[in-house]
Amino acid sequence: MLNGDRTVKLTLLWVALLCCVSALGRAAPQLSDKQIIKEINRHRPLLGAQIPEDIKDRLGTTHVGGKYYLTNEPFLLEGSRQVQEFGFGVIKLWFRSDSDRFYSFNSDWDIEADLSLTEVAQHPYWRECFDMPFSTFALSIAGAGIRTTDETAAEEAEEVYQLSKYLLEEYRDREITFILHNWEGDWIFRGGTGPGSQWSLDAGMGTSGKRKGDPVPGDITKRIDAMVKWFTARQSGVDRARKEAGESKCRVVHAIEANKVLDSMTGIPGIVNSVLPHVEVDMVSWSSYDGLDMTGLNLFKGIQYIKEHIRPTLYMNGKRIVFIGEIGMPENTGGKLANEETIVNRWDAFLGACLAADVPYIIQWELYCNEPKDRSLKRIMQKRSADELRGFWLIRPDGSLGFAGEYFDEILSNPGNRIR
């Protein structure tokens with residue numbers, strides 16, 4: 001009888017094991033749109049969801065190229081201090097050798113055009129900025145993109161290595177993360193942002209329905225090869241620095257930023273479906289304007305789609321990490337302010353989608369608006385009034401909070417609490 005019991009138990013164990021193996025082999029069930037929206041709503045603070053305890057270190061904003069200032073402090077430092085005082089633990093900045101172009105107000109950069117990124121990081125303005133108590137700096141750095149060759153890839157790998165090693169050693173005693181990433185990769189992949197870069201579903205297919213500006217198949221292949229080479233070089237530079245730097249509380253990670261994710265979901269060649277499968281990367285950033293509907297549904301779907309295409313590095317322990325590198329809405333279009341209730345509800349839906357998708361960082365665009373209504377004035381660094389701007393702001397030119405600013409102020413003031 002004892003042997004019979006043992007046989008039954010062993011049989012049951014084998015059945016259980018086979019069931020587990022079978023379950024692992026099956027794909028996770030697809031949620032319906034209705035189920036996704038229900039999950040998003042379950043994470044929305046304005047619908048009663050509890051705000052995460054660590055929300056400060058997950059929320060951030062961008063400071064770059066704003067068209068006004070509020071103090072006489074150097075512009076990089078003024079904006080960074082405003083972000084800090086707002087309560088954000090994350091900040092996104094344009095980290096370039098031509099920093100004076102993006103942060104010129106009240107500043108004496110005295111910066112040379114051919115400085116390396118490591119030398120830029122040693123500039124007094126950047127050193128003071130990096131000394132501010134943020135938990136994460138997302139740094140947008142320029143590069144060769146589709147012009148990448150073997151030679152430029154080697155040069156960029158070396159420069160990213162030198163910068164990464166400097167950061168790891170300089171801040172080795174501090175719990176801080178630096179994310180090095182490109183600007184909107186799909187625009188770089190397409191060669192610009194103009195009409196010729198608005199690719200159709202026929203892009204690269206050689207069909208008669210192909211619009212002007214769509215690439216031919218051979219061109220697509222060359223672009224993919226160049227982007228893979230570019231991103232591989234950057235990742236190798238970060239990998240090498242981490243290996244050589246040894247023990248450090250500081251983390252440096254490499255991210256690839258995409259911005260036409262919904263296009264890729266329809267089959268149009270892009271960063272997610274054409275480039276990510278060919279390169280390992282620590283994280284992926286989504287500049288997510290293409291995914292902003294009223295409910296957060298497209299945002300959630302896009303995040304999941306990106307995760308499916310990531311080849312994670314060993315450094316990330318196999319985790320497929322996606323974060324929102326840009327997300328914003330204009331509050332001052334059509335000659336009048338947008339409806340506050342609409343703006344706030346949309347922000348809450350976006351935050352609910354990101355929290356439901358377990359996104360580590362959500363970076364709002366941006367602290368001070370950088371977009372004049374007259375697009376021809378965009379590159380002119382001249383102080384503008386609120387009426388001249390589209391309203392991508394947390395703080396308006398008069399120092400008052402925009403609708404998004406008021407919403408995020410309430411969120412950041414209530415970690416671990418419910419606000420409704």
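**Overview, cavity, one serine**

Of the 420 residues in the protein, 53% are buried, meaning under 20% relative accessible area with a 1.4 Å probe, protein chains only. This is a predicted model: local features need pLDDT of at least 70, side-chain atom pairs count only at pLDDT 80 or more, and totals for chains, interfaces and linings use all residues. Numbering runs from 1 along each chain as its sequence is written, and side-chain values use heavy atoms, with hydrogens and water left out.

The protein has 14 helices and 10 strands. These are DSSP runs, helices H or I of at least four residues, strands E of at least two, numbered from the N terminus.

Contacts next: heavy atoms within 4.5 Å. Take those with a separation of 6 or more; 77% join residues 24 or more positions apart.

Now the cavity. On a 1 Å grid over the protein atoms alone, that is a set of points where a 1.4 Å probe fits but cannot get out; lining residues have an atom within 4 Å of a point. There is one cavity of 30 Å³ or more. The largest cavity has a volume of about 40 Å³, the space filled by probe spheres set on the points, which are joined across faces, edges and corners. Its lining includes Trp 347, Phe 350 and Phe 408. Helix α13, residues 340-356, gives the most, with four residues.

Last, Ser 287, in strand β7. Why does Ser 287 count as buried? Because its relative accessibility is 0%. Ser 287 touches Glu 184, Glu 257 and Glu 326, among others, leaving aside residues up to four places away in sequence.

Key:
1 Å grid on protein atoms, 1.4 Å probe; cavity = no way out; pocket = protein on both sides within 12 Å on 5 of 7 lines; lining within 4 Å. Buried < 20%, exposed > 50% of the residue type's maximum accessible area, 1.4 Å probe, protein only.
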